[in-house]
Amino acid sequence: MTERTLVLVKPDGVSRGLVGEVITRLERKGLRLVAAELRTLDRETAETHYAEHRERPFFADLVEFITGGPLMALVVEGPRAIEAFRALAGATDPVKAGPGTIRGDFALEVQNNIVHGSDSPESAEREVTLFFPNLA
Ligand code: IDP
């Protein structure tokens, strides 16, 4: 069954020139690009996207980070796309992410971990709609 997921190359990934690397890896895996847009998030969209973390001590820094420069928003499609991209991304903490994963290969700090991928069908639907209302 084909599934859609929201992938973000976060501002650290864009500023480090890793957009092509991320797209290459997900395309090589067999996932297909459905939408792509470089944009800088406003605070309200960032707070909505990360609403589940509102009470966490890192929330304010996370919103500053994710709004701090352009990010690449992608909608990606394929069989079990949500799980498939999470496997490509690796663990949230890049030090714990295995070598061969995007975070394992390119990051060291938990906040600046290069990519976001939706973590469930419910969040994928919510996030795709938030970033690309025309695809809903
Ligand atoms: P995920 O991105 O792997 O799904 P979440 O737990 O949903 O991980 O966290 C969302 C984002 O918040 C992470 O990707 C990371 O950028 C940031 N983050 C998570 N935990 C911490 C932390 O302990 N300190 C700072 N930033 C964090």
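**Figure 1. Leu31 and its contacts in the predicted model.** In this predicted model, Leu31 is in contact with Leu26, Val76, Glu77, Gly78, Ala81, Ala84 and Phe85, leaving aside neighbours within four places in sequence. Leu31 lies in the loop between helix H2 and strand S2, which covers residues 32-39. Is Leu31 buried or exposed? Leu31 has 24 C-beta neighbours inside 10 Å, and 20 or more count as buried, so Leu31 is buried. Arg4 is 27 residues from Leu31 in sequence, and their C-alpha atoms are 9.6 Å apart in space.

**Figure 2. Ala84 in helix H5.** Ala84 is part of helix H5. Besides its contact with Leu31, Ala84 is in contact with Lys29 and Gly78, again leaving aside neighbours within four places in sequence. Ala84 counts as partly exposed because it has 19 C-beta neighbours inside 10 Å, while a buried residue needs 20 or more. Gly13 is 71 residues from Ala84 along the chain, and 19 Å separates their C-alpha atoms.

**Figure 3. The largest nonpolar core.** This core has 30 residues. Val7, Leu8, Val9, Val76, Phe85 and Val115 are the ones with the most contacts inside it. At least two residues of the core come from each of S1, H2, H4, S3, H5, H6 and H7. Which of these elements gives the most to the core? Strand S3 does, with six residues.

**Figure 4. The buried face of helix H7.** Helix H7 runs over residues 121-131. Its buried residues are Ala124, Glu127, Val128 and Phe131. Seen down the axis of H7, these buried residues fall within an arc of 100°, so they line one face of the helix. An α-helix has 3.6 residues a turn, so residues three or four places apart point the same way. The cover over the buried residues of H7 includes strand S1 (2-9), helix H3 (43-49), strand S3 (71-79) and helix H5 (81-89).

**Figure 5. Ser123 in helix H7.** Ser123 is also found in helix H7. Ser123 is partly exposed, with 17 other C-beta atoms within 10 Å. Which is the distance between Ser123 and Leu6 in space, C-alpha to C-alpha? The two are 8.8 Å apart, although 117 residues apart in sequence.

**Figure 6. Residues around the ligand.** Phe58, Leu62, Thr92, Val110, Gln111, Asn113, His116 and Asp119 are the residues around the ligand. How many residues of this shell are nonpolar, polar and charged? Three are nonpolar, four are polar and one is charged. The UniProt record, an unreviewed entry, places the feature "binding site" at Lys10, Phe58, Arg86, Thr92, Arg103 and Asn113.

**Figure 7. Phe58 and Arg86, two positions from the UniProt record.** The record gives both Phe58 and Arg86 as "binding site" positions. Phe58 sits in the loop between H3 and helix H4, residues 59-66. Phe58 has 12 other C-beta atoms within 10 Å, so it is exposed; the limit for exposed is 12 or fewer. Arg86 lies in helix H5. Arg86 is partly exposed because 19 other C-beta atoms lie within 10 Å of its own. Not counting residues up to four places away in sequence, Arg86 touches Gly117 and Asp119. Asp119 is also one of the residues around the ligand.

Figure 8. Arg80 is not a glycine, yet it has a positive phi of about 50°. Arg80 is placed in the loop between S3 and H5. With 14 other C-beta atoms within 10 Å, Arg80 is partly exposed. Ile114 is not a glycine either, and its positive phi is about 75°. Ile114 is found in the loop between H6 and strand S4, residues 115-117. Is Ile114 buried or exposed? Ile114 counts as buried, because it has 25 C-beta neighbours inside 10 Å.

Technical notes:
Residues numbered from 1 in each chain as written. Predicted model: local features only at pLDDT ≥ 70, side-chain atom pairs only at ≥ 80, totals over all residues. Helix = DSSP H or I, 4+ residues; strand = E, 2+ residues; numbered from the N terminus. Arc of directions from axis to C-beta. Contact = placed C-beta atoms within 7 Å. UniProt positions renumbered as here; feature names shortened; annotations may be inferred. Near = placed C-beta within 6 Å. Nonpolar A, V, L, I, M, F, W, Y, C, P; charged D, E, K, R; others polar. Core = buried A, V, L, I, M, F, W, Y, C linked by C-beta atoms within 7 Å.
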